[in-house]
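Student: I am new to this structure and would like to learn how to read its features. Could you take me through them in turn?

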Amino acid sequence: MPATQKPMRYGHTEGHTDVCFDDSGSCIVTCGRDGDVRIWKDLDDDDPKSINVGEKAYSCALRNGRLVTAVSNNTVQVHTFPEGAPDGILTRFTTNANHVVFNRDGTKVAAGSGDFLIKIVDVTDSGQQKTLRGHDAPVLSLAFDPKDVFVASASCDGCVRVWQISDQTCAVSWPLLQKCNDVINAKSICRLAWQPGSGKLLAVPVEKSVKLYRRETWSNQFDLSDGSISQSLNVVTWSPCGRYVAAGSTNGLIVVWDVEAKACVERVKHEKGYTVCGLAWHPTCGRISYTDAQGNLGLLENVCEPSEKVSGSKVPSSVEKEYDDLFDGDDKGDAGGFLDDNAVGISSFPRGITNDEDDDDLMVASGHPRQRNHILEDDENSVDGAGLKSGLLREEEEDHTGNLRGLPPAASQRPLWDGPRPTPRQRPFQPGSTPAYLTHRFMVWNSVGIIRCYNDEQDNAIDVEFHDTSVHHATHLANSLNYTVADLSHEAILLACESMDDLASKLHCLHFSSWDSSKEWMVDMPPNEDIEAICLGQGWAAAATSALLLRLFTIGGVQKEVLSLPGPVVSLAGHGEQLFVVYHRGTGFDGDQCLGVQLLELGKKKRQILRGEPLPLTRRAHLTWVGFSAEGTPCYVDSEGCVRMLNRGLDNAWTPVCDTREHCKGKSDHYWVVGIHEHPQQLRCIPCKGSRFPPTLPRPAVAVLPFKLPYCQTASEKGQMEEQFWRSLLFHNHLDYLAENGYEYDESTKNQAVKEQQELLMKMLALSCKLEREFRCVELADLMTQNAVNLAIKYASRSRKLILLAVEKAAELAATEAEEEEEEEEEEDFRQKLSAGHSRTATEWGQPRLRNQVEEDAEDSGADEMEENPEPHRHGQNSFSKSASASDVPAVKSGAVTPGSQGRVNPFKVLANSKEPAPAMNPPRSTNILDSMSRLPRKPSAPHRAAGSEKSPVIKPLLPRPKSKQASAASYFQKRAAQADQPSGVKAEDPTPTHTTSPAPAAPTSPKTGFQMWLEENRSNILSDNPDFSDEADIIKEGMSRFRVLSAEERKEWTNKAKAGAVGDGGKAKKRKHGADGSHDAESQEEAAKENLNLPKKQKSLDLSANQKLSAFAFKQE
Amino acid sequence: MDAAEVEFLAEKELVTIIPNFSLDKIYLIGGDLGPFDPGLPVDVPLWLAVSLKQRQKCRLLPPAWMDVEKLEKMRDRERQEETFTPVPSPYYMELTKLLLSHAADNIPRADAVRTLVKDLWDTRMAKLRVSADSFVRQQEAHAKLDNLTLLEISTGGAFLTAALRHMHKLRSGPRPPETAASQDL
């Protein structure tokens, strides 16, 4: 019968230990690194008696009520046993003793020390000492000859010596061991032992075998070895009967040999494979207690005890007799007994002892299949009933071996297949739940509340708690039906259980928001159909079953549609009218899952948005959470912590929005997602230290993680802004969805989002400008809205970075969009603002003509008529009156005050349109007068007001501008840009001449302004005053400052003069215009060239930060 | 400054609560609070936390240091070292008292926390007394004490200064006669 290995238990703190039995064998005595000697009644003794003997105890020996210990204060002490009272010091060394042993009758103690000495001391009289000198290194172990003639010792010098006690000489010395410099470095502590009784044999553990030397001849009688020993042996001890030798190895193997038969009879492996450093045989019965180098104590029972029933009753008696024989020193033995014994020993190992499986057999034989199962966490195998069927055990053991040692053994039994292996399908789960096998678990944690389930001996209950107590109060339910899945919404609690025996699977709904008195309902599933996943939406509930059916119910319990699922369900999630179904599309390979997704809308018009598309997952990951953001966008999380969100703006593709693993501190930490909010952007999750899901207690707290799209180079400013921009777009897709589906939503949120996005685009544009990436600027401009494009153009022109290219392109873009009526209105607005504001400095060219004209027209009071007679507006009247009359007035005012307001309009459109008057000079091509009226009289209308309400502001805003060099420069540039654009604008306009028809108000563009005229007259003055002025620009500047000094009346006079001139020019207007255009172009080119020469300093001054501030400022003005 | 005033100051300390109601940001003179999302932790001043807790409107999350193991370490360190060790919060005593009296159900092992903080306090007060004693005995002119909290100063400070004043009077001997005369007047 095999020995029974009892589980190891904690004995001492980690470190070297020693063990022995007391004389009667009633208790085990151990000593250890903690300096305590513990007396154990048996292995299960929970309260062993402790005797503190010193700081560290290296070795102990017990005989005749005396406990001798070798302790760290270099002494060998005696304590009384079992009282534990100190009984003096036997001897001292210069360093600590490593091993102490008693002789057979307990009168002498031998101690071997680290100072190379061995002392033999009389216990009763410590004056009687004998010292054995000769070792050249610390002494490892000692063994007293039972006949008190010799002492054997092993030392770090590699020698095993036998000493004659009487004359303290060395009888023999064998160089058996490896040399080392100290005990701690010794490969083996080499606990040797004499055969009890006659002392005929000395057993010495040498590497992987036990060498037996015959007394007197000192010849190597034989070796005991075994194939299972893979590491060197540390300890050897004889059974009290002298028939067996037990040895413990440094890797925790304990082997017992029958010395007569030279056969191995037991092999026991330490459960953790620690070094066995103490081994003691019970004085009477077959027990071995052992300790390891980690301070644990273990016990083997029934070691070589031939008392098992299998062998019948005859054997024990013979063995007993033989035992007695042996004890008497008579080693003839009973051959029959030995045979029997051997037979018993070997019958425990009926199979070959040499191969690998032998080890496994041993494990079974040593009687711990159950324990091993536990270790392997393999709970499907229960070996209880199979105790004696070794064949069956063998098979199972082989399986375990497979599990334990990795693939090779298992693979050798399966057909070889190196290709991809199918992944087991993940089981259905409820989002926000923890595993069902836990006794305390979360059934749901979502944005509404928490459902917890307690399933222990006392109680099987469900606790429902709402985050917002105003939804409903917390509820406690008895879980008599053993519900396993649950969901929670603002309306109801939904629970479901699987079928049990004759009870069908049930769906149970607690509809607490119902206004009638019955607040719950329950539905039984048909036989053989189990509910696997459930979810709640607004006004409906859904359950997916094992029959691949998706059953829909109203929240009140009416059965609705039943759908077939394309595969076994993985999870369901509901939100509003949307139902999100994830199922297995097929079998995944190599750790991947193969999942499909359906997104259904169950509202009035039912439709399927996602029709079974594959659900992208991280490699080798499975799905851990599905759900909707609070705004209703489907999201899911996989086991690698990647959160993905449906990108409705990208035809319902999935975009990863967060990698929760990035935020984890430890490798085994995870975040357990409980909710996603798009506005504000929050990923709500529970940090779990060292696990995938949180425990119910202590109650976990929610943390909020930011989202981050996996864009490249997010460390750089560019990458960062790109990430922010696309994230902002993605996280506002839900607004479009809501709008499309007729939900209410906050308009301001959208505006804010748009503003944020445009701001980001502007910043990116500014960055690209700085890097002189003009093409990129144009690309960015493509992403912008109309307003932002205008700003961008303004920005570009101010920063002078983009030599018109980007601007022109953007203008084209803008022009193509400028087809709608309303946009034309905008253009009109712009013109007025433009004339009122920003470009005024460029007085000689282009726009300012308009102003003059406007003032003139204002007197015609065409505008008043327009406003009072809305009839002419055939279409777009509302929009017109809104945009033109309502927005014009403030726009003009603000235009007069701040040039920033220019950002609202599109300069390009205006530039294009500023040509309008030109074709308008031609005889009207349009037949529709009303049409033209609706448009053209508008022009004067607003300016009229502006001019009427405050005349001077028209000019006033000029005053501050040229003071700032930068501003004036910018405005020059603006003008230049505008000029350059004119031709394209004309082209763009030409194909649609129908717009511009009315001859009367569409006055020809005046070639000259008051300032120009004044300047012409005064040019000579300026030149004479400043002879160094060679530059036209300088002259103009000087002229402007002088002009401004003039009184308002004078200026007006000049203006009127100019107008008069213009009117007088009436007929030639068109030609002049062309001429003017040409000359202006030429001039502007000249100007540009000059500026390019003159202005790099200014350009530099406009560094990026300033530009960014500027653009931001412009936005704020909006 | 008395304990009530110190407590008042301590009530401005931020603590984390998990509200069970929903409320937009509230704008107060001392700063904006919220928004309050049910189930989502939010930092609020202690006074608001206590008030909400009393109305069962929130669950309190104990401060990170209010943990038995951490407090044990702190107490041991406090006992080992001669000088005052840094405390987890400048208002640890007040926070503990208020939180434990109003939200003991939200603090794991509240009793142990109470004992530990009391131990910490007692140790510190003992140190304070000892140092005040040696200060007086050695007739030092000044002493430096680091890591003292407001409450600790207010507990010992007033008494110590009053005592020093009296001692000064006693030590400076009999009053000059003029003063006595003036008193007579």
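**Reading one residue at a time**

Tutor: Trp121(B) counts as buried, at 12% relative accessibility. Buried means under 20% relative accessible area, exposed means over 50%, and partly exposed lies in between, with a 1.4 Å probe and protein chains only. This is a predicted model: local features need pLDDT of at least 70, side-chain atom pairs count only at pLDDT 80 or more, and totals for chains, interfaces and linings use all residues. Residues are numbered from 1 along each chain as its sequence is written, chains are lettered from A and ligands numbered from 1 in the order in which they are written, and side-chain values use heavy atoms, with hydrogens and water left out.

Student: In which helix is the place of Trp121(B)?

Tutor: Helices (H or I, at least four residues) and strands (E, at least two) are DSSP runs, numbered from the N terminus. Trp121(B) sits in helix α5 of chain B, residues 110-137.

Student: What does Trp121(B) touch, beyond residues up to four places away in sequence?

Tutor: Contact means heavy atoms within 4.5 Å. With residues up to four places away in sequence not counted, Trp121(B) touches Tyr92(B), Met93(B), Leu151(B), Glu152(B) and Thr155(B). Tyr92(B) is 29 residues from Trp121(B) in sequence, and their C-alpha atoms are 9.4 Å apart.

Student: Is Glu78(B) buried or exposed?

Tutor: Glu78(B) is buried, because its relative accessible area is 0%. Glu78(B) belongs to helix α3 of chain B, residues 68-80. Leaving aside neighbours within four places in sequence, the contacts of Glu78(B) include Phe84(B), Leu120(B) and Arg124(B).

Student: With which side chain does the side chain of Glu78(B) make a polar contact?

Tutor: A polar contact is a pair of N or O atoms within 3.5 Å; within protein, one must be able to donate a hydrogen and the other to accept it, and residues adjacent in sequence count only if both atoms are side-chain atoms. The side chain of Glu78(B) makes such a contact with the side chain of Thr85(B), at 2.4 Å.

Student: Where is Thr714(A) found?

Tutor: Thr714(A) is in the loop between β52 (703-705) and α7 (717-730) of chain A. Thr714(A) is buried, with a relative accessible area of 18%. Its side chain and that of Lys708(A) are joined by a polar contact of 3.3 Å.

Student: How does Leu563(A) count by relative accessibility?

Tutor: Leu563(A) counts as partly exposed, at 30%. Leu563(A) lies in strand β41 of chain A, residues 559-564. Not counting residues up to four places away in sequence, Leu563(A) touches Leu548(A), Leu549(A), Leu550(A) and Leu600(A).

**Where the chains meet**

Student: How many residues does the contact take from chain A and from chain B?

Tutor: Chain A gives eleven residues to the contact, and chain B gives eleven residues. Buried area is the accessible area (1.4 Å probe) that two parts lose on being put together, summed over both. Between chain A and chain B that area is about 890 Å², of which carbon and sulfur atoms give 54%.

Student: Which side chains meet in a salt bridge?

Tutor: A salt bridge is a side-chain nitrogen of Lys or Arg within 4 Å of a carboxyl oxygen of Asp or Glu. The rule finds one across this interface. The side chains that meet there are those of Arg684(A) and Asp37(B), at 3.0 Å from N to O.
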